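The sequence and structure are shown first.

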Amino acid sequence: MSSMSEAERQLRLLYAQALQEHLAGGGEATLRRAYELGRKAVADGLGVLDLAAVYTGAAAASMRNADSDGNAVEKAEAMHGFLIESLSPFEITHRSFREANAALYRLNEILEEETKRIAHMLHDDATQLLAAVHIALADLASELPSDLGNRIQEIRGHLDQIEAQLRDLSHDLRPTLLDDLGLLPALEFLAEGITKRTGVAIVVEGSTDGRLPPSIETALYRIVQEGLVNATRHARAGRAMVQVTRGPRSIRCAVRDNGIGFDVQATQTDKNRHSLGLVAIRERVNALGGALQINSSAQRGTELLVTIPLED
Ligand SMILES: Nc1ncnc2c1ncn2[C@@H]1O[C@H](COP(=O)(O)OP(=O)(O)OP(=O)(O)O)[C@@H](O)[C@H]1O
Ligand SMILES: [Mg+2]
C-alpha cells in the first residue's frame with residue numbers, strides 16, 4: 001500500500017504493539033492506549049475504515065504470535081474490548097457532529113423567526129405609528145397659516161420617504177407576502193426588486209398548486225434568493241429564470257442564469273473559502289430531506305435544481 005501516510009504507518013506500529021501488550025494482560029492501561037490511538041487516528045484525519053484496516057492487521061499479527069496456551073474466548077473478548085476502545089473516539093466525533101448540525105438547524109429556525117418578527121414589526125407597527133403622525137400633522141396643518149402649513153407638507157413628504165424605506169427594509173428581511181400569499185407571489189416580488197436594483201431580467205414561472213408547509217416555503221424562498229443574488233453578483237448574467245414545479249409527492253425548484261458559470265467541484269472542496277451561500281442552500285435542502293444538484297458551465301451558465309419531498 002504505497003498510499004499509506006506516515007501517520008498511518010506509525011499508527012499501525014503503535015496499535016499492533018499496544019494490542020499485543022493488551023493480550024499479554026495489559027488491562028486498563030492498554031485499553032487507555034487503545035483509546036488514545038483512536039483519538040490520534042481521528043486527529044490525523046483517518047476514517048473508521050482506515051482504523052478497521054489497522055485493527056485487522058494488528059489482529060492478524062497477534063494471531064501469528066499467539067502461544068497456543070491462551071484461552072481463545074478470553075483472548076477474543078480482550079481483542080473486542082480493545083477494538084471498541086479505539087473506535088469510541090470516532091463515535092464521540094460522530095455524535096458531536098450530529099449535535100452541531102442539529103444546533104445549526106435550530107439556530108437557523110430561531111433566526112428566521114426573529115427575522116420574521118422584526119420584518120413584521122417594521123412593516124406593521126412602525127408604519128402604523130407613522131400613519132398616526134401623518135394624521136396629526138395634517139390636522140395641525142389645517143389649523144395653521146398657509147406658509148407654516150406648507151412647511152408641514154414638506155415634513156410629511158419626508159415621512160413618506162421613511163415609510164417607503166421601512167417597507168423596503170421589511171420586504172428585504174422577509175416579505176409579508178410570503179406569509180400572506182405564499183411562495184410564488186413572494187418570488188415574483190423578490191425578482192422584481194432584484195431586477196430593479198441590478199438590471200438582470202428575471203422570469204418566475206410555474207405553480208405550487210396551493211400553499212406549501214411554511215418551512216418549505218421559507219426554505220425555497222431563501223434558496224431562490226441566494227441563487228438569484230449569486231447570479232447577479234458572480235455570473236455576469238443578463239437573464240435569470242426561476243421555475244417551480246409541483247409533482248405528486250415533491251416540489252421542484254430550478255434557478256437558472258445565462259452567465260459565465262463556475263467550477264462547482266473546486267468551489268465546494270476549497271477549504272480557504274468562507275462563503276456561506278451554497279453551504280446554506282445545501283443545509284436547508286438536507287434539513288428537509290431533499291436533494292440539490294448544481295450544474296454549471298461557461299457555455300450554459302448555472303442551474304440550481306432543488307427537489308423537496310412533500311408528505312401526502
Ligand atoms: N450563478 C453563479 N454564477 C457564477 N458563479 C457562481 C454562481 N453562484 C456561485 N458562484 C461561485 O461560487 C462561489 C460560492 O458561492 P456562495 O454563494 O457560496 O458564496 P458567495 O456568494 O461568494 O458569498 P456569500 O453567499 O457567502 O455572500 C461564488 O463566490 C462564485 O465564485
Ligand atoms: Mg452567495
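Which residues in α2 meet α4, and which residues in α4 do they meet? In this predicted model, the α2 side of the contact consists of L31, A34, Y35, L37, G38, R39 and V42. Facing them in α4 are G81, F82, E85, S86, L87, S88, P89, F90 and T93. By class, this contact of α2 with α4 has nine nonpolar, five polar and two charged residues.

**Helix pairs**

| Helix pair | Axes come within | Crossing angle (roughly) |
|---|---|---|
| α2 (residues 28-43) and α4 | 7 Å | 40 degrees |
| α1 (residues 6-26) and α2 | 9 Å | 160 degrees |
| α3 (residues 48-65) and α4 (residues 72-143) | 11 Å | 160 degrees |

For α2 and α4, the axes come within 7 Å and cross at roughly 40 degrees. Because of that angle, α2 counts as oblique to α4. The crossing of these two helices, α2 and α4, is right-handed.

Helix α3 also packs against α4, with axes that cross at roughly 160 degrees. An angle over 145 degrees counts as roughly antiparallel, so α3 is roughly antiparallel to α4. Their crossing is right-handed. On the α3 side the contact involves V48, L51, Y55 and A59, and on the α4 side M79, L83, S86, L87 and F90. Eight nonpolar residues and one polar residue make up the contact of α3 with α4, with no charged residues.

The crossing of α1 and α2 is left-handed. From α1, the contact draws on L11, L14, Y15, A18, E21, H22 and G26, while α2 supplies A29, T30, L31, R33, A34, L37, K40 and A41. Nine nonpolar, three polar and three charged residues form this contact of α1 with α2.

**Overall dimensions**

The chain contains 10 helices and five strands. Its radius of gyration is 31 Å, whereas a compact globule of 312 residues would have a value near 20 Å. Along the principal axes, the C-alpha trace spans about 115 × 45 × 40 Å.

**Surroundings of ligand 1**

How many residues surround ligand 1, and which are the closest? The shell comprises 16 residues, the closest being N230, A235, S275, G277 and L278. The elements that contribute two or more residues to this shell are α8 (214-233) and α10 (277-287). Helix α8 provides the largest share, three residues. By class, the shell around ligand 1 has six nonpolar, eight polar and two charged residues.

Technical notes:
Residues are numbered from 1 along each chain as its sequence is written. Chains are lettered from A and ligands numbered from 1 in the order in which they are written. This is a predicted model: local features need pLDDT of at least 70, side-chain atom pairs count only at pLDDT 80 or more; totals for chains, interfaces and linings use all residues. A residue is near a molecule or strand if its C-beta atom, placed from the backbone, lies within 6 Å of it. Helices (H or I, at least four residues) and strands (E, at least two) are DSSP runs, numbered from the N terminus. Ala, Val, Leu, Ile, Met, Phe, Trp, Tyr, Cys and Pro count as nonpolar, Asp, Glu, Lys and Arg as charged, and the others, Gly among them, as polar. Axes are lines fitted to C-alpha atoms, for helices over the stretch in contact, and angles run from 0 to 180 degrees between N-to-C directions. Angles under 35 degrees count as roughly parallel, over 145 as roughly antiparallel, 65 to 115 as roughly perpendicular and the rest as oblique. A crossing is left-handed if the near helix is turned anticlockwise from the far one by less than a right angle, and right-handed if clockwise. Two residues are in contact if their C-beta atoms, placed from the backbone, lie within 7 Å. The radius of gyration is taken over C-alpha atoms; the globule rule is 2.2 Å times the number of residues to the power 0.38.
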